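Thank you all for coming.

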Amino acid sequence: MNMINLLLFPIIIPFFFAMILMFFKEQVVVQRVLTLIGLALSLVASFWLIATVKTEGIQTVTLGSWPAPFGITMVSDMFSALLVTTTIIITIFVVIYSFSSIGVERERFFYYPAILFMITGINGAFTTGDIFNMFVFFEVLLIASYLLIVLGGEKRQLRESIKYILVNVISSAIFVIAVAYLYSIIGTLNMADISVKIAEINQPGIISVIAILFLIVFGIKGAIFPLYFWLPNSYAAPPIPILALFGALLTKVGVYAITRTYTLFFVHDIGFTHQFLMVLALLTIIAGCIGALAYFDLKQIIIYNIIIAVGVILFGVAQMNTSGLEGAVYYLLHDMLIKGALFVLIGIIIYATGTSNLREMGGLIKTHATLGWTYLIAAFGLAGIPPLSGFIGKVLITKGAFEADHVIGSIIILASSLVVLLSVIRIFIYAFWGPQKNELPVRDQRTYRQMMFPAIMLVLITVAYGVGAEWLMPYMTDAANVLADPSIYINAVLKE
Amino acid sequence: METLITLLVGVLVAVGVYLLLSKEMLRIILGTAILSHAIHLLLLTMGGLKKGDVPLLTETAAEYTDALPQALILTAIVISFAVTAFLLVLSYRVYQESGRGPRLRGRQDE
């Protein structure tokens, strides 16, 4: 096999540019340009990676050329390649949005390097094929996120960031405990090798315990019931661009890790582990729905929608059949894009009205018509109105659930769509309809247009993602096939 | 030997959790530090505390120690060191900002 390091590019390029940016602390324009160049290069690399994975199958690199189970392996299958690409696309637009909204003060204090380091960690966690290396990449992205959440040092940020950091320190501790237990039983860290060894001993009870430990770890990061308690307050503290990145990317890393471990390692006692995952996923959806309807704060409504989406994706994963997994992959990518778009849009609404309280808004459609219609399309996309992208993912997930005879679960998923629709349309009704309640603050039209550009682009991408599902489906099928059949992954890693 | 160390890990985790549950910021930070040390010890124990040679395979090597847990611990120590340093700086900043002792208090009605 020809060994090229292509799959490392989306990890290394942001890392390299982040280091370069440290030298230009005061030159904000240089930082902006270099960040965009770095992300554009990573995007090209990741598209190239998708094309390569499509034609040549799973790509692997063993660092230091140690043969597979001994050294650290980086593995890029279709699932991780798609996630890496989506991550970079979202980051590009959020970075463009930051130009006009984050403020020079934050830009001068390593805002862009922190974002790029975070992308390094996220892409690394998506790509790695070694469970301890995944822990290291988690820490890379977490430390960058600690900086981002506290950047600016407002009182609220300081308070919430301490809670955020403590929760994550503890979950990382549990992560290491889980890896230690796994190592003591299996004696390997390579993910493909772990899968083989667990299959050999046919998953005794202790492995199921470790499965639950992993679920706790990734559940804290990915915000599943009942471990999402830290999320709504922490995410609401930083400014909108950071919230958009966190909401679109960070929880999804946890979801990815659950998906990976529950389709590769713990597949021999589905009756227990996946049933457990499914129940938690459904409870997550219900808890998220309650939260999404309970608040009159724009940020909180969309933040609770993150939690609902996490539940929907994991419900798809818990089905463990091709339709369910295909739906989960499709919905995961959809949700990353649409959450990025929605957070940017509510950021603009908050910018235009000067408040995030729905009760104080109204009549925006007269002054901000484009914003209104863009938001409406994004809202329909989130709720899953055909032909927008949320629809296809949910159809596949419910199809998978019916095939696996989980009728009640499917009904909850479909009912949750209505709640999602209600919660986001409520924003539309309150903010855009009716009479104008308060005098709008005077805003610079040029800044407003600059902010609208990334929002419209992201919404257009989600529309294309939904309408073009026919062409994208082969990629989703490839990704789901690897998840459904661990032997494809194992053969690709351990064949030499 | 492994049993003894495992018990020690248990005690350390208990101490760490006790400190984490207090209201004083410094105690909490020390709690995270002790917790991470406990886990490093656990990692070492889980690899097996064999007394053997260095893991250089020669024709005469009969028994050797697994080097991997030590590599993992080294990585984990560096990470927990960085996070602890960050937390300390952050709590100092909170102290400066709020003017009172860095306590983990939310709003009055929370």
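In chain A, residues A:Lys394, A:Thr398, A:Ala401 and A:Phe402 of helix H17(A) meet A:Val407, A:Ser410, A:Ile413, A:Leu414 and A:Ser417 of H18(A), where contact means heavy atoms within 4.5 Å, and helices are DSSP runs (H or I, at least four residues) numbered from the N terminus. This is a predicted model, in which local features need pLDDT of at least 70 and side-chain atom pairs count only at pLDDT 80 or more, while totals for chains, interfaces and linings use all residues. Residues are numbered from 1 along each chain as its sequence is written, chains are lettered from A and ligands numbered from 1 in the order written, and side-chain values use heavy atoms, leaving out hydrogens and water.

H17 (residues 389-403) and H18 (residues 407-432) of chain A pack at an angle of about 160°, with their axes 8 Å apart; axes are lines fitted to C-alpha atoms over the stretch in contact, and angles run from 0 to 180 degrees between N-to-C directions. H17(A) and H18(A) are therefore roughly antiparallel, a term for angles over 145 degrees.

Turning to the cavities, a cavity is a set of points on a 1 Å grid over the protein atoms alone where a 1.4 Å probe fits but cannot get out, and its lining residues have an atom within 4 Å of a point. The largest cavity holds about 230 Å³ of space, and among its 20 lining residues A:Val169, A:Ser172, A:Ala173, B:Ser36 and B:Ser80 lie nearest its centre. The second largest cavity has a volume of about 80 Å³, a volume being the space filled by probe spheres set on the points.

Key. Helix = DSSP H or I, 4+ residues; strand = E, 2+ residues; numbered from the N terminus. Parallel < 35°, antiparallel > 145°, perpendicular 65-115°, else oblique. 1 Å grid on protein atoms, 1.4 Å probe; cavity = no way out; pocket = protein on both sides within 12 Å on 5 of 7 lines; lining within 4 Å.
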